Amino acid sequence: MKNKQKALSREQERILRAQERAEGNPPPHLVSFSIPELVESIRKQHFPKLEDTIAWYFVMRGPLACIRRRENDGGVCIFVHQILNHADTPVEVMSYVIKHQLLHTEVPRWAVSWWSDAHPPMFWDWEKKACPERDRAWDWIWANLSSWLKRPRKGRMTVRPNWKESWEQTRWTLEECEKIAHHHGGANLGGTGW
Ligand SMILES: [Zn+2]
């Protein structure tokens, strides 16, 4: 690897371009609740020391959600895949996604030999405590979206390029998903890394 920049895979470059497009021309929010209000209430309750601006964008490509620091003002930017930009997405799913992403601002990556783990054990401990909605959120995500998700490696959950097909499908409610999960002995994949 001669140059780190060049080492970015083509897919990573596409994801970065999609994020830039989302920042330049943010798609309208189709969810049934206010994301800025949700973000601020989560900040107040769980991240009172976080003073940075928190920008939020739905993005067409890449992971289910990710967070990065902006170079210009040091604020944080949360990118959530468009697959969740849907009137049927429950507020519990989004609050879980926001808490998970903001937690990355507080828990440093763990250096493990030649790679680093973004989700060390203390990350999952905190997540479990702060997210009573976590298991229900994962039940909903798996029941509705698993056909369009893949885990290319540990600690990452990406959305398949054919995700738009998911719009043609009626989405189960949280309550329905809970029943399905119980029927199958509990999907409960929370904490598996994404
Ligand atoms: Zn994460």
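Here is a walk through this predicted model, from the overall layout down to a few single residues. Local features are described only where pLDDT is at least 70, and side-chain atom pairs count only at pLDDT 80 or more, while totals for chains, interfaces and linings use all residues. Residue numbers start from 1 along each chain as its sequence is written.

Let's start with the big picture. The protein chain has seven helices and seven strands; helices (H or I, at least four residues) and strands (E, at least two) are DSSP runs, numbered from the N terminus. Read from the N terminus on, the elements go α-α-α-β-β-β-α-β-β-α-α-β-β-α. Of the 194 residues in the protein chain, 28% are buried. Here, a residue is buried if 20 or more other C-beta atoms lie within 10 Å of its own, exposed if 12 or fewer, and partly exposed in between, with C-beta atoms placed from the backbone. Now take the contacts in the protein chain with a separation of 6 or more: 62% of them come from residues 24 or more positions apart. Two residues are in contact if their C-beta atoms, placed from the backbone, lie within 7 Å.

Next, the sheet. Strands of a sheet pair through backbone hydrogen bonds, either parallel or antiparallel. In this model, three strands form an open sheet in the order β1-β3-β2, with mixed pairing. Its edge strands are β1 and β2, each of which pairs on one side only, and the twist averages 20° from one strand to the next. Two strands count as paired if DSSP finds at least two bridges between them.

Strand β1 (residues 54–59) and strand β3 (residues 76–81) are joined in the parallel sense by six bridges. On the β2 side, strand β2 (residues 65–69) runs antiparallel to β3, with five bridges between them. There, R68 has C77 of β3 as its bridge partner. The hairpin of β2 and β3 has six residues between the strands, and in it G74 takes a positive phi near 75°.

How much of β1 is enclosed by the rest of the structure? Five of its six residues are buried, so β1 is largely enclosed. Helix α2 (residues 10–24) packs on the sheet and touches both β1 and β3. The direction of α2 makes about 115° with that of β1; such angles run from 0 to 180 degrees between N-to-C directions, and axes are lines fitted to C-alpha atoms, for helices over the stretch in contact.

In the loop between β1 and β2 sits G62. G62 counts as buried because it has 21 C-beta neighbours inside 10 Å. Leaving out residues up to four places away in sequence, G62 touches I15, A18, F79, H81 and T158. The C-alpha atoms of G62 and Q12 are 8.0 Å apart, although 50 residues separate the two along the chain.

For a contrast, look at E40 in helix α3 (residues 35–46). E40 is exposed, because 12 other C-beta atoms lie within 10 Å. Its C-alpha atom is separated by 8.8 Å from that of I54, 14 residues apart along the chain.

Now for a pair of helices. The axes of helix α4 (residues 91–103) and helix α5 (residues 121–130) come within 11 Å and cross at roughly 145°. On the α4 side the contact is made by K99, H100 and L103, and on the α5 side by F123, W126, E127 and A130. These residues divide into four nonpolar, one polar and two charged.

Among the buried residues are W138, W140, I141 and L145, along with R134, R136 and D139.

Conventions:
Ala, Val, Leu, Ile, Met, Phe, Trp, Tyr, Cys and Pro count as nonpolar, Asp, Glu, Lys and Arg as charged, and the others, Gly among them, as polar.
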